[in-house]
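This report is meant for a reader who is meeting the structure below for the first time.

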Amino acid sequence: MAKKRNPRVDRAVREAVADLLESEIADPRLQLITITEAEVTQDHEVATIYYSTLDPTLVSGDPRRTGGDRLPEAHEVEAGLEAAAPRLRGLVGRRARLRTSPELRFRPDPVVEQANRVEQLLRDLGRGGADGQDQA
């Protein structure tokens, strides 16, 4: 029987990573990211951290922005998180009060992509309904 993860540890690690990224890491590639979830293994050896970022194309299309402050692309965010992971590992262990500091593995949150897909499908349905064409 598989052991269940401890939700308190998951929450503590998620909060620690989010706080530390904001206060201890000054990498411009890591601006405006959101830590959405953390899954820590039962033995606390590995923590999978899920994150989301703003879509740079949406922000660059905002007429109020001057264009000089672009958001990093997804691959740049991934590289920034990989670079920050060793430093964050020790800090997270102390901040979350764990006996062992988990290895941090960062992954884009799949929920964001799924939500964008559903939103696109709904938009396509709306366009089909407005034109009088049935998409089904």
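The model is predicted, and its pLDDT averages 85 over the protein, with 82% of the residues scoring at least 70. Among the elements, strand 3 has the highest mean pLDDT, at 96, whereas helix 2, which covers residues 56-60, has the lowest, at 65. Where pLDDT is low, the predicted coordinates should not be read in detail.

**Fold**

The protein is built from four helices and three strands, and these follow one another along the sequence in the pattern α-β-β-α-α-β-α. Of the contacts in the protein with a separation of 6 or more, 63% are accounted for by residues 24 or more positions apart. Of the 136 residues, 32% count as buried, while the protein exposes about 9600 Å², of which carbon and sulfur atoms supply 49%.

**Interior**

The largest nonpolar core has 27 residues, and those with the most contacts inside it are Val13, Leu21, Ile49, Leu88 and Phe106. At least two residues of this core come from each of helix 1 (7-23), strand 1 (33-40), strand 2 (46-53), helix 3 (74-95) and strand 3 (103-108). Leaving aside residues up to four places away in sequence, Phe106 touches Val17, Ile49, Tyr51, Leu81, Ala85 and Leu88.

Which residues does Ile33 touch, not counting residues up to four places away in sequence? They are Leu21, Ser52, Thr53, Val77 and Leu81. Ile33 lies in strand 1, and it counts as buried because its relative accessibility of 15% falls under the 20% cut-off. The C-alpha atoms of Ile33 and Ser52 are separated by 5.8 Å, although the two residues are 19 residues apart along the chain.

Is Asp10 buried or exposed? At a relative accessibility of 6%, Asp10 counts as buried, and, not counting residues up to four places away in sequence, Asp10 touches Arg5, Ala38, Glu39 and Val40.

**Surface and salt bridges**

On the surface, Val118, Leu122 and Leu125 form a nonpolar patch, with about 300 Å² of accessible area together. Leu125 has its place in helix 4, residues 110-131, and it counts as exposed because its relative accessibility of 53% is over the 50% cut-off.

| Salt bridge | Closest N and O atoms |
|---|---|
| Arg105 and Glu103 | 3.2 Å |
| Arg123 and Glu119 | 2.5 Å |
| Asp124 and Arg127 | 3.3 Å |

Arg123 and Glu119 are separated by about one helical turn, because they are four residues apart in helix 4. Asp124 and Arg127 also both lie in helix 4, three residues apart, which is about one turn of the helix.

The partners in the table can also be described by their accessibility. Arg105 counts as partly exposed at 34% relative accessibility, and Glu103 is partly exposed with a relative accessible area of 33%. Arg123 counts as partly exposed at 41%, and for Glu119 the relative accessibility is likewise 41%, again partly exposed. Asp124 is partly exposed with a relative accessible area of 28%, and Arg127 is partly exposed with 46%.

Terms used. Residues are numbered from 1 along each chain as its sequence is written. This is a predicted model: local features need pLDDT of at least 70, side-chain atom pairs count only at pLDDT 80 or more; totals for chains, interfaces and linings use all residues. Side-chain values use heavy atoms; hydrogens and water are left out. A nonpolar core is a set of buried Ala, Val, Leu, Ile, Met, Phe, Trp, Tyr and Cys residues joined through side-chain atoms within 4.5 Å. Buried means under 20% relative accessible area, exposed over 50%, partly exposed in between (1.4 Å probe, protein chains only). Contact means heavy atoms within 4.5 Å. pLDDT is the predictor's confidence in each residue, from 0 to 100. Accessible areas come from the Shrake-Rupley method with a 1.4 Å probe; for residues, only the protein chains shown count as cover. Patches are made of residues with over 30% relative accessible area and no salt bridge: like charges are joined within 9 Å, nonpolar side chains (Val, Leu, Ile, Met, Phe, Trp, Tyr) within 5 Å. A salt bridge is a side-chain nitrogen of Lys or Arg within 4 Å of a carboxyl oxygen of Asp or Glu.
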